[in-house]
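Dear colleague,

Please find below the structure that I am handing over to you. My notes on it follow directly after.

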Amino acid sequence: MPNTLSDKLLFLASNLYWTWHPEIIGVFRDIDPELWTQVNFSPVAFLRALPADEVDRRSLRLNLESRINFAYHRLVEYLDSDRTWARFHGGPLNARPVAYFSAEFGIHESLPIYSGGLGALAGDHLKSASDLGVPIVGVGLLYHQGYFRQVLDANGWQHEEYGFMPIDDLPLSPALDPAGRPVEVSIDLAGGSLGARVWRARVGRATLLMLDSDIPGNSAADRGLTARLYGGDRRIRIRQEVILGFGGLRALRACGFDPGIFHLNEGHSAFVTLERMRERMELDGLSFEDAQREVALRTVFTTHTPVEAGHDRFAPDLAEEHLGWLTHRLGVSREQLLGLGRVHPGDHGEHFCMTVLALKLSRAANAVSAIHGHVSRRMWNRLFPGHTEREVPIGHITNGVHVGSWLSPSMTKVYERHVGERWAERLCHRDAWEGVAKISNLELWEAHLYEKHKLIEFVRHRLAEQEARRSPHDPSASARVARHLTRNALTIGFARRYATYKRATLLLHDIERLAKIVNHKDRPVQFVYAGKAHPQDEGGKRLIQQIVQLSRDPRFAGKVVFVEDYDLGVARHLVQGVDVWLNNPVKPLEACGTSGMKVMLNGGLNLSILDGWWAEGYDGSNGFAIGTVESHARPEVQEQRDSEELFRTLEEAVIPLYFRRNAEDVPEDWVRRMKNGITSMAWRFNSDRMVMDYVSLNYVPASGGQSARMP
Ligand SMILES: *Cc1c(COP(=O)(O)O)cnc(C)c1O
């Protein structure tokens with residue numbers, strides 16, 4: 001039992017719960033704002049840098065005692081409570097937890113083991129499962145160098161930089177077996193064994209295990225396997241996935257977990273199903289076919305993209321090199337085993353596809369929005385001969401976002417005041433959000449403006465840093481950008497991966513028209529762009545370059561800006577402060593999209609193509625739609641139409657509505673739309689609702705072992 005304030009802070013720092021409780025972060029900052037910046041906002045590093053008695057002395061002197069005690073007792077109660085949603089609705093999950101496998105987890109920017117939406121979703125899934133009391137253990141990889149940091153050169157060209165994650169500054173510790181020894185796992189491949197140690201983090205009530213191949217027993221090359229997320233060739237990729245799947249299950253077992261359900265978040269981790277088949281065959285004497293059926297009964301799979309490149313495929317030789325040991329152990333043929341990853345098992349040249357493996361080895365598969373469900377059923381129809389497209393057993397559970405992580409502090413206060421005390425526990429109830437309609441227009445608008453101003457300050461600061469790095473000998477450069485953006489302009493955000501289908505440059509179809517929009521003297525508009533292109537995606541990098549070059553054009557300087565190195569932290573500022581969030585992908589390639597949900601929670605309005613989640617969320621009064629549901633058969637015609645529609649919607653709907661003000665300078669019709677957005681969508685597109693859906697539609701049925709379908 002911690003006694004001193006510094007002990008209590010140590011306890012708070014040891015659980016990533018602080019990442020969605022700003023009141024904890026505030027305490028650290030207030031103890032020593034300068035040190036807090038120096039240690040890069042890491043509670044662990046902060047407490048290492050400041051002696052415990054000094055922490056105690058300052059906390060008392062600054063009157064922080066009650067805030068520390070409050071946060072401490074809140075976390076203790078959170079961890080001990082057995083009056084959770086899952087206690088009453090989780091049934092068998094309370095006896096055996098869910099194992100949630102993912103190649104990425106986006107919990108906080110200081111733990112860079114994510115690249116984008118998939119990771120953010122996995123992080124939000126763990127946090128909501130924790131809030132709801134769903135017993136869950138995440139399994140992923142610890143990438144020492146994380147995903148790359150984006151740096152743009154003077155020409156606006158993206159370069160990738162890798163640093164080392166300061167593990168000692170993070171609340172990570174070696175995972176221990178029941179006897180208290182650090183866990184190491186190993187897989188015997190033909191070319192020598194592949195081992196990994198295991199790290200553990202606490203995410204509220206949830207546990208996250210992360211495998212790390214940097215151990216002495218591995219070859220030099222294998223020690224670097226888990227260095228980077230998506231940083232290597234096919235061979236590195238399959239070896240990472242061997243560690244995640246085979247090693248992940250062994251890590252769970254070694255730590256004493258006995259999961260009842262296995263959730264594959266995307267196909268990267270699908271090898272875990274083969275390791276479970278091995279267990280059942282070797283330990284329980286099942287046949288190959290029986291093992292396949294039984295493993296599938298307890299496996300659920302979420303597919304995340306209709307884009308072909310998003311589905312891992314490995315050449316037969318590469319697959320055999322990594323799975324050959326299994327055929328020997330199990331006494332099955334190479335083709336039997338590799339057939340599990342093929343649409344046509346008899347086609348010996350067909351590559352081994354992780355999505356196919358996941359589909360064959362799961363009882364329930366789901367896409368991440370209604371449209372994505374249709375697209376996925378069409379895409380995988382070939383795996384289910386004799387089924388029509390509609391009969392393909394892939395359903396959908398639409399994604400959601402974690403309210404505690406994405407809602408700004410000022411909006412949180414406003415909601416708490418008007419929406420009711422136990423609001424945070426009732427996020428999925430429509431009526432819990434009804435109070436938002438009663439918030440005065442002025443109060444909601446002021447809270448939004450405050451966050452918008454914070455965003456502008458943040459962007460100016462980042463732009464100044466970017467300039468200082470690019471032109472270290474020209475201080476006037478960073479002084480110039482420090483005045484970029486203005487507070488009264490309609491501020492439109494666009495931040496996401498720069499994959500070509502997301503069409504970041506759709507507005508650049510008509511530069512003259514765009515110039516008129518941003519330079520309008522009474523109704524100015526400004527754009528904040530951010531996002532990374534995949535290191536090998538030259539096309540994506542060219543899109544970034546075009547936007548950067550536009551931002552240097554005198555007509556657009558200070559009105560179109562690009563913030564480098566998009567991550568969870570940049571995303572938080574953007575979604576909390578923008579007026580409008582723009583999303584204009586090629587339909588139907590946006591599986592779901594979650595950034596727009598984060599914006600909606602904070603009262604920003606979405607301006608989006610009717611794809612992914614927006615096709616489910618938009619009702620005509622809660623944001624803006626670009627174009628119609630149907631698309632033209634020829635992509636270039638559709639692109640022309642979409643760009644025309646986007647301009648038209650901006651000029652005729654978005655801008656006039658934003659600048660129509662009352663006597664207090666409040667855009668009343670706009671604010672009404674903000675409220676409509678929140679009341680009509682917040683209860684549906686949050687990750688508590690998403691996890692509840694997974695529990696009742698997938699996890700609990702799978703725990704009972706009832707067959708949903710014959711694979
Ligand atoms: C939410 C989020 C995403 C996902 O956004 P999309 O709408 O799917 O593009 C990607 N990256 C970061 C850093 C995020 O926070």
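Which side chain of opposite charge is nearest to Lys 598, and how far away is it? It is that of Asp 124, at 5.8 Å. Lys 598 has no salt bridge, the term being used for a side-chain nitrogen of Lys or Arg within 4 Å of a carboxyl oxygen of Asp or Glu. Even so, Lys 598 is buried; buried means under 20% relative accessible area, exposed over 50%, and partly exposed in between, with a 1.4 Å probe and protein chains only.

Please note that this is a predicted model, in which local features need pLDDT of at least 70 and side-chain atom pairs count only at pLDDT 80 or more, while totals for chains, interfaces and linings use all residues. Residues are numbered from 1 along each chain as its sequence is written, and side-chain values use heavy atoms, with hydrogens and water left out.

Lys 598 sits in helix α24, residues 595-601. Helices (H or I, at least four residues) and strands (E, at least two) are DSSP runs, numbered from the N terminus. Apart from neighbours within four places in sequence, Lys 598 has contacts with Ala 120, Val 401, Trp 406 and Val 575, where contact means heavy atoms within 4.5 Å.

Two further residues were examined. Ile 167 belongs to the loop between β4 (158-161) and β5 (173-174), and it counts as buried because its relative accessibility is 13%. With neighbours within four places in sequence set aside, its contacts are Leu 142, His 144, Leu 172 and Trp 199. Ser 110 is 57 residues from Ile 167 in sequence, and the C-alpha to C-alpha distance is 9.9 Å.

Arg 293 is part of helix α12, residues 288-297. Its relative accessibility is 33%, so it counts as partly exposed. Between Arg 293 and Met 277 there are 9.2 Å from C-alpha to C-alpha, at a separation of 16 residues in sequence.

As to the whole, the protein contains 28 helices and 20 strands. The C-alpha trace spans about 80 × 70 × 55 Å along its principal axes. Of the 711 residues, 59% count as buried. Among contacts between residues at least 6 apart in sequence, 73% join residues at least 24 apart.

With kind regards

Conventions: Lys and Arg count as positive and Asp and Glu as negative; His and the chain ends are not counted.
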